[in-house]
Amino acid sequence: MFPSLAHRPWHIFCRLSLQHRAPLSQRSPRIPQLCYGLKSGGIHNVWFSLPDCRVASLGLGKVQYYSTSGSSKDGSPKSASGATPQGLTKAETIQVKVRAVLKKREYGTKYTQNNFITAVRAMNEFCLKPSDLEQLRKIRRRSPHDDTEAFTVFLRSDVEAKALEVWGSHEALARERNLRKEVEREFQESIFRNQQLLKEYKDFWGNTKPRSGQRTTFLQGPGKVVMVAICINGLNFIFKLLAWVYTGSASMFSEAIHSLADTCNQALLALGISQSVRNPDAGHPYGFSNMRYIASLISGVGIFMMGAGLSWYHGIMGLLHPQPIESLLWAYCILAGSLVSEGATLLVAINEIKRSAQLHGLSFYEYVMQSRDPSTNVVLLEDAAAVLGVIMASGCMGLTSLTGNPLYDSMGSICVGTLLGAVSAFLIYTNTEALLGRSIQAERVQKLTEFLENDPAVRAIHDVKATDLGLSKVRFKAEVDFDGRVVTRSYLEKQDIDQILNEIQQVKTPEELENFMLKHGENIIDTLGAEVDRLEKELKQRNPEVRHVDLEIL
């Protein structure tokens, strides 16, 4: 509409509002005032009071547009058309609100070239050498990793320009990338072949790599309990199997199957323990601790299928087709020995669970029900079931010896199968709950939340999630509402206030204001990131069980 405004870096919009005034005799003259304010969103507001004209002189409201960039010699503002407003008196005023709006910036590929890029990405994506990067501008940035305080990055625009300088054109750079991808693919195939050859070599000559760490796993804690249980249950299976062959007792067959199931399941637990201590890799960044729960879950299914299923089958067949039973003397002796050995394994598991429960501040019952250590829980329940199963089998065999009725012996087999079914159901339920991502105790969640809320930089905590990853590892996630004033004050404490004040005084144009805000805004965002890193580090130090912390800025 106004050609004189079209070429300005910012546009002027005026809004006139008429206000009812008191009579002239009741109002003192007002001196023209000018004030300048800044609001968010790149909008500048200018308010000034001008001597107003009569309402009648406005007629139907032909509105004049004024600019703050020019004025007449006597100080009165000029209109957009160059004419000075007439009929304005000091008696009545019109409030004029001027809004300076920055032009909306279009962010394209040119602007994103100012993004930072690490040295590794620069060499991989742009096919550069370390010597090529030495000539570029280096910028120190806050590191996202706990073990390093800062690291060096480069401007993406500088890296792209250097790549074009080295390779000459985009087409040459693309050819080099494709060539390197082909070389990398051949290298990966070569690694796979070498791994296969190394595996064949180890299988033929034996693996000479030391395994002291893995051996230590089975010399203490749950690993020790599992290894003791494997040895004892293996011996029990052999002796019970011989007793069943000699006597033909259905209860003895159930006990032999029970011991075999325990031995196989505990071997599976040992495999799960050995896999759970593996270090995290790129494919499994949170580690392999859930392997214990997976092994325990499979063990529970195995107990149900092999132990309970075969015991029920043999007991039902004994009821349908009863067979005479030979002398049960040897069966009683083997059951007595089994009771002693299973009881010893049960005591080892109980002592280990008591020690672990005390370390975690839980009772024995809570530790078992929450399945904090699935491997020891399986041994505990299997041995408890074994002791009860031996007592049941002995009682039913005793009734058969006294009465001569083999149906009691078959009933004992069914009772042992039912006991194994109950144990397997409990193991399946608890380990499934753990694998689904079970939350930690509400008291512990409250403790972690209160620690964050007591920090001066935090105003509120929302959407808190604390998940048990197994092996006493916790993953904590929360949305944090930071106090911008505290974060800004933390930034200002590290700056020269006089220098910032001098920069503010030198701001005259919207472009200078934009550059000032961009400079310090980026630094304040870096300060906010440093606050997040500080909170995560302190949270881990105060709570060693918290291994992974994800704080999201709200």
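Reply: Helix α10 (residues 250-276) packs against helix α15 (residues 407-435) at an angle of about 25 degrees, and their axes lie 7 Å apart. Helices here are DSSP runs of H or I with at least four residues, strands are runs of E with at least two, and both are numbered from the N terminus. Axes are lines fitted to C-alpha atoms, for helices over the stretch in contact, and angles between N-to-C directions run from 0 to 180 degrees. The two helices α10 and α15 are therefore roughly parallel to each other, a label given to angles under 35 degrees, whereas those over 145 count as roughly antiparallel, 65 to 115 as roughly perpendicular and the rest as oblique.

The model is predicted, so local features need pLDDT of at least 70 and side-chain atom pairs count only at pLDDT 80 or more, while totals for chains, interfaces and linings use all residues. Residues are numbered from 1 along each chain as its sequence is written, and side-chain values use heavy atoms, with hydrogens and water left out.

As for the packing of α10 and α15, Ala250, Ser251, Ser254, Glu255 and His258 of α10 meet Asp409, Ser410, Gly412, Ser413, Val416 and Leu420 of α15; contact means heavy atoms within 4.5 Å. By class, the contact of α10 with α15 has 3 nonpolar, 6 polar and 2 charged residues. Ala, Val, Leu, Ile, Met, Phe, Trp, Tyr, Cys and Pro count as nonpolar, Asp, Glu, Lys and Arg as charged, and the others, Gly among them, as polar.

Serine 413 is placed in α15. Its relative accessible area is 0%, so serine 413 is buried; buried means under 20%, exposed over 50% and partly exposed in between, for a 1.4 Å probe and protein chains only. Leaving aside residues up to four places away in sequence, serine 413 touches Ala250, Ser251, Ser254, Ser311, His314 and Gly315.

With 54% relative accessibility, leucine 242 counts as exposed. Its C-alpha lies 9.6 Å from that of phenylalanine 253, 11 residues apart in sequence.

Elsewhere, an open sheet of 3 strands has the order β7-β9-β8 and antiparallel pairing; two strands pair if DSSP finds at least two bridges between them. Strands β7 and β8 form the edges, each pairing on one side only. Strand β8 (residues 139-142) pairs with β9 over 4 bridges, and isoleucine 139 stands opposite valine 153. Helix α6 (residues 156-167) lies across β7 and β9, at about 55 degrees to β9, and helix α19 (residues 510-542) lies across β7 and β8, at about 45 degrees to β8.

For the chain as a whole, the secondary structure comes to 19 helices and 12 strands, and buried residues make up 37% of its 554 residues. Among contacts between residues at least 6 apart in sequence, 71% join residues at least 24 apart.
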